[in-house]
Amino acid sequence: MNQHYAGTGLSFVLKKTTRTTNASWFSTAGPENSMQTAMKNKLREGNASTLNIYSVGFESGDGEGLLGYATFPSDYSGAPKDDGVVLLYSSVPGGSMPKFNQGKTLTHEVGHWLGLYHTFQGGCTGSGDLVADTPASESPTSGCPTTRNSCPNSPGNDPFRNYMDYSDDACMNQITTGQVTRIKQQVLTYRSLTI
């Protein structure tokens, strides 16, 4: 992640690893369900600037569904125990998740934790991801195309190489200047971090 966020002014330091064996949490924890709430209430540590990452299986973990999810910085004050990133265990570097085993799912979800939206937020109309230098995209990208322009009436091609799209890990390698600016605003406002 430090490599992926190089140039943002952020760096991540692993402070602690806790291994908890709980088959129910592992297999059924998901967004806003009781297993996820129980897991986070028991395991969450630190304050708004502490990134907690939970590794789970999301039912079968076969890649047909969820790779991860995260809370946004503005959510912290209303639900501090809910704060953090939940990640499919097999999406880590060297994991068994085809096309998503270089750790970029974590990079993507941490982007949300830092205040970034998907690059395809709002499709071809509206305010999109609230970042001026990420071109509009009608929908998430799948695979790793050589080019894509799903919003031909908007400037620029789809930002499918951006960490905040859904491209294969091998395809993702970009964060924009505007996204860095948004991260800085979000973490200063909600996470008590300065960068």
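Below, we go through strands, a helix, cores and pockets in turn.

Guide: A note on ground rules: this is a predicted model, where local features need pLDDT of at least 70 and side-chain atom pairs count only at pLDDT 80 or more, while totals for chains, interfaces and linings use all residues. Residues are numbered from 1 along each chain as its sequence is written, and side-chain values use heavy atoms, with hydrogens and water left out.

Visitor: How do you know that strand 1 and strand 3 pair?

Guide: Strands (E, at least two residues) and helices (H or I, at least four) are DSSP runs, numbered from the N terminus. Two strands pair if DSSP finds at least two bridges between them. Strand 1 (residues 53-56) and strand 3 have four bridges, in the parallel sense, so they pass that definition. Val 56, for one, stands opposite Leu 88 in strand 3.

Visitor: And what makes strand 2 a partner of strand 3?

Guide: Three bridges join strand 2 (residues 68-70) to strand 3, and the two run antiparallel. Tyr 69 has Val 86 of strand 3 as its bridge partner.

Visitor: Why are both faces of strand 3 called covered?

Guide: Look at residues 85-88: Val 85 and Leu 87 on one side are buried, and so are Val 86 and Leu 88 on the other. Buried means under 20% relative accessible area (exposed is over 50%, partly exposed in between, with a 1.4 Å probe and protein chains only).

Visitor: Why is helix 3 described as largely enclosed?

Guide: Ten of its ten residues are buried, so helix 3 is largely enclosed by the rest of the structure. The buried residues include Lys 104, His 108, Glu 109 and Trp 113. Strand 1, strand 2 and strand 3 are among what covers them, where contact means heavy atoms within 4.5 Å. After helix 3 comes Gly 115, with a positive phi near 110°.

Visitor: What makes something a nonpolar core?

Guide: A nonpolar core is a set of buried Ala, Val, Leu, Ile, Met, Phe, Trp, Tyr and Cys residues joined through side-chain atoms within 4.5 Å. The largest has 14 residues, and Tyr 5, Phe 12, Val 85, Val 110, Leu 114 and Ile 183 touch the most other members. Strand 3, helix 3 and helix 4 (177-190) each supply at least two residues, with the largest share, three residues, coming from helix 3. A second, separate core of twelve residues includes Ala 29, Leu 67, Tyr 69 and Val 86.

Visitor: What makes a space a pocket?

Guide: On a 1 Å grid over the protein atoms alone, a pocket is an open set of points with protein on both sides within 12 Å along at least five of seven lines, whereas a cavity is a set where a 1.4 Å probe fits but cannot get out. Grid points are joined across faces, edges and corners, and the volume is the space filled by probe spheres set on the points. By that count, the largest pocket holds about 1,500 Å³.

Visitor: Which residues line the largest pocket?

Guide: Lining residues have an atom within 4 Å of a point. There are 44 of them, with Leu 14, Lys 16, Leu 51, Asn 52 and Ile 53 nearest the centre. Strand 1 gives the most, with four residues.

Visitor: How many of the lining residues of the largest pocket are nonpolar, polar and charged?

Guide: They split into 22 nonpolar, 17 polar and five charged. Ala, Val, Leu, Ile, Met, Phe, Trp, Tyr, Cys and Pro count as nonpolar, Asp, Glu, Lys and Arg as charged, and the others, Gly among them, as polar.
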